Amino acid sequence: MNFLFPAMLAGLAGLALPVVLHLIARSRFPVWPFPTIRLLRYEKRDNVFARKLVDPWQLLLRLLVLALLALAMGRWFMPSSTGKLAPRNLIVVVDASASMRMSAYDTAKESLTGETDESSTTLLDQAKVIARSLLADIALPSRCALVSVGSEVDIVAPLGPTPELALEKLPAIEADDGTGPGLVRAIAECSEMLRGRRETKSQVVVLTDLRSSAFRTRNQRDLQEIADAQGVLGQALEIIIVDIGSSDAENVAIIEAYLRGDEAKEGDTAHIVARVQNLGGEKRDAKLTLTVAGKQEPPFRKLTLAPGEEVIADIPSYANRSTTGFAQVTLKDKDSVMHDNAYILPWVVSRPREVLLVNGSAASRRSRHEESILRAMGGEGDEDAEELETDVIDGAKILKFALNPARELTGETGTGVKTTMITPEVFSAQLLSTYHVIILYDVNALPHERSRKDLDTFARKGGALLLICSKSVVPGEFNPAFAEPAILEGGESLEALSPAMIGIDHVFAPATAMHLSSSRKPIVDADKSVTYLSGPWLASFRNRRQENALAAIRIVQAKGVQKVDKGANILMQADSGLPLALEISRGSGKVILFTFGMELSRSNVAMTKAFPQLVWRLIDYMTGKLRPKPRDLLIASEPAALDASEGEFRHTDSLMLFSENGASRSRRRDKKGTAPDDDADRADQDEDAVNESGSEGADSSVKAMEPLELPVTDRKTVLVNGLPVGRYRLRKAVGTARSYSRPIAVNPDPRESDMSRVEEEDLNEVFHGAVRVMAPAEAAGIAPKGIELWPLVITLLLIAYAAEAMSAYVVGVIRAKKLEAEELEP
């Protein structure tokens with residue numbers, strides 16, 4: 001026997017008030033007729049405590065009324081092992097994390113209904129059966145609520161007097177792809193919902209598989225909220241965890257998979273790296289397959305993993321053409337958890353980066369092809385011109401060879417750089433927008449004003465320009481053409497392109513070494529806004545081993561520097577501090593100036609081991625490949641930032657994120673009968689092939705969602721909230737289905753693949769001993785039984801109040817008649 005609201009028993013202290021009022025003697029004196037009161041002496045009499053109780057039975061009735069009122073407000077309760085269910089608050093929490101998709105025998109249904117179900121079901125289905133049974137027992141004055149915990153804590157049905165709403169929405173609960181905020185956060189929110197409730201019991205029943213991932217996320221605020229609720233409700237608050245999982249679950253999962261380098265080169269062999277781990281307790285075999293570019297690759301060799309062992313597999317695939325799509329790594333073997341047997345990743349095969357190399361030192365030696373271009377432009381060509389032979393090895397030809405040796409020797413893609421070398425005379429015939437980098441090697445000036453304007457537009461619209469000043473460059477011609485503002489014939493003015501004005505040749509005796517700019521001071525009077533940072537291009541040469549490679553470089557001659565433009569950055573310097581490499585931003589593009597050449601008579605750069613890496617990283621730097629970017633591989637239900645700095649997304653304030661889950665096939669139906677004539681069509685075909693050849697581990701329930709408009713931040717990124725597992729594409733908001741788009745892959749949370757379980761002792765330590773862990777068969781017996789005596793107390797209160805009122809009336813009538821009789825006596 002106890003009281004649900006014991007604080008209300010403080011009202012028993014009010015029993016003293018009727019006693020005090022009853023003992024105060026309020027005497028009524030008889031009235032006598034008297035002719036005058038002038039001769040009477042004034043005397044004041046106050047009420048005093050009576051020496052004895054007057055009407056004790058009436059006083060007892062009044063005390064009984066107040067005592068019953070206090071007992072009724074304290075909600076007098078008598079528990080019992082039999083009888084009807086006692087009033088309670090019940091909140092059912094359903095764990096809807098990815099691990100609840102695990103298949104298991106439906107022991108819950110058998111224990112609750114007595115029926116045997118031999119079919120396979122998921123843990124979430126078992127949780128719904130138990131939740132339906134618990135909610136069906138709720139009736140007034142009890143209350144119930146339903147909460148699901150997946151990517152977020154969702155109050156499906158708030159605390160209410162009837163279970164109809166909760167039972168209606170229970171079937172719609174689906175397992176999410178991530179861990180979400182965790183069950184500790186959900187229990188904290190439930191505890192806040194129950195604060196102030198005064199039923200017999202306030203129960204939070206959590207239906208989960210007890211995987212440690214569900215309880216791993218904890219913060220001090222949630223734990224404090226639970227502790228506060230326990231302090232207010234005391235033993236009335238019960239946290240019950242129903243274990244519907246299995247302790248012997250076996251799982252081999254793909255923890256991570258990515259394309260090495262984030263993109264492959266056309267005509268090269270791409271490498272997909274996959275991390276596979278055995279998260280079970282037994283030795284398992286795993287067979288990996290790769291589906292990419294519209295076909296399934298030959299199966300990877302079988303892997304044998306011991307319990308807890310992790311294997312990193314390198315799966316090769318030949319990239320025969322440029323495309324942007326998706327690949328999928330799949331585990332063919334079945335286990336308890338199937339959602340982590342497939343991993344989607346972006347499959348990006350980039351076109352070769354186009355480099356236009358303008359060789360000014362070879363202007364007097366034109367090829368037959370260039371002569372035909374000159375004649376087509378109306379110029380004077382030499383019909384007897386011979387092809388540019390390889391016997392003249394100048395710096396431009398050395399540079400062209402170093403940019404892609406494989407292409408120059410065998411025609412293969414190699415480094416992914418395709419170089420076109422021309423002379424300045426045919427520069428105006430080139431379509432500059434098709435090139436990523438333009439290199440002017442020993443070019444004093446361009447022969448046409450239109451060429452200078454086109455070059456300026458190319459650089460300021462995001463292109464990369466490299467100016468190399470070797471022995472043929474004349475400062476008197478170079479500086480007016482590139483280092484000073486130019487005025488065209490129509491009066492249009494163009495700003496300078498070069499980061500500095502050059503001078504005459506500077507001869508180093510002895511030959512100078514090449515240093516990163518942070519270790520030397522320039523000898524020129526530069527503006528204070530000039531910086532001296534070697535930048536990402538030379539970042540790999542900052543360690544001691546790579547610095548030894550740079551130490552072998554010796555430069556004999558280089559152009560002097562007369563004036564450094566404001567805002568320039570000095571990358572490399574000589575021993576004396578003379579700038580050897582400078583860069584500056586021009587609009588959205590970048591311009592780099594080399595004051596030295598590649599000829600063997602001016603330096604030994606081309607003979608060192610560091611030379612190929614220097615030029616390869618230089619092209620990577622100028623085309624934005626060295627800029628750190630977040631991978632387009634996201635974890636389900638977790639917020640992330642996507643890069644939006646690439647040239648195709650330039651000059652836009654927002655991007656659109658489209659779901660590719662089921663979308664590509666509909667586009668293919670719209671274009672049925674047409675041949676793929678661009679990358680977008682080929683990517684659609686690849687997507688269909690990947691989707692059709694998907695695996696049993698892939699989640700076939702993934703649905704397409706409405707496009708999301710994402711604003712571009714100042715840092716050229718877009719922020720996305722947690723997304724479901726699937727394939728997505730990022731493109732311009734004003735683009736079309738055929739415009740450039742970038743693939744984004746979202747995969748299940750690898751934490752949900754962990755089969756380790758949390759122990760009851762650990763839970764009691766977290767929740768301060770207020771947790772009970774039970775099997776599904778025990779869940780039906782958690783409802784408290786007993787009788788709440790407040791209806792009986794209220795009935796007695798009404799009877800006592802009526803008796804007190806009647807007795808007061810009778811006593812009052814008797815007293816009135818007695819006084820009247822006394823007044824009539826002479």
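How are α10 and α15 oriented to each other? They are roughly perpendicular, a label for angles of 65 to 115 degrees. The model behind this answer is predicted: local features need pLDDT of at least 70, side-chain atom pairs count only at pLDDT 80 or more, and totals for chains, interfaces and linings use all residues. Residues are numbered from 1 along each chain as its sequence is written, and side-chain values use heavy atoms, with hydrogens and water left out.

Start with the whole chain. It holds 19 helices and 42 strands. These are DSSP runs numbered from the N terminus: H or I of at least four residues for helices, E of at least two for strands. Of the 826 residues, 47% are buried, meaning under 20% relative accessible area with a 1.4 Å probe, protein chains only. Contact means heavy atoms within 4.5 Å. Among contacts between residues at least 6 apart in sequence, 76% join residues at least 24 apart.

Now return to the helix pairs. Two packed helices are described by the angle between their axes and the distance between the axes. Axes are lines fitted to C-alpha atoms over the stretch in contact, and angles run from 0 to 180 degrees between N-to-C directions.

Helix α10 spans residues 395-403 and helix α15 residues 610-622; their axes come within 9 Å and cross at roughly 80°. From α10, Ile398, Leu399, Ala402 and Leu403 make the contact, and from α15, Phe611, Val615, Trp616 and Ile619. The tally is 8 nonpolar, no polar and no charged. Nonpolar covers Ala, Val, Leu, Ile, Met, Phe, Trp, Tyr, Cys and Pro; charged covers Asp, Glu, Lys and Arg; the others, Gly among them, are polar.

Helices α6 (residues 183-194) and α8 (residues 220-233) form another pair. Their axes come within 8 Å and cross at roughly 35°. Residues in the contact include Ile187, Ala188 and Glu192 of α6, and Leu223, Ile226 and Ala229 of α8. This contact divides into 8 nonpolar, 1 polar and 5 charged residues.

Two single residues complete the tour. Asn89 sits in strand β5 (residues 88-95). Asn89 is buried, at 0% relative accessible area. Leaving aside neighbours within four places in sequence, its contacts include Arg143, Leu194 and Glu199. Val426 lies in the loop between β23 (417-422) and β24 (437-441). Val426 is also buried, again at 0%. Its C-alpha atom is 9.1 Å from that of Pro447, 21 residues apart along the chain.

Key:
Buried < 20%, exposed > 50% of the residue type's maximum accessible area, 1.4 Å probe, protein only. Parallel < 35°, antiparallel > 145°, perpendicular 65-115°, else oblique.
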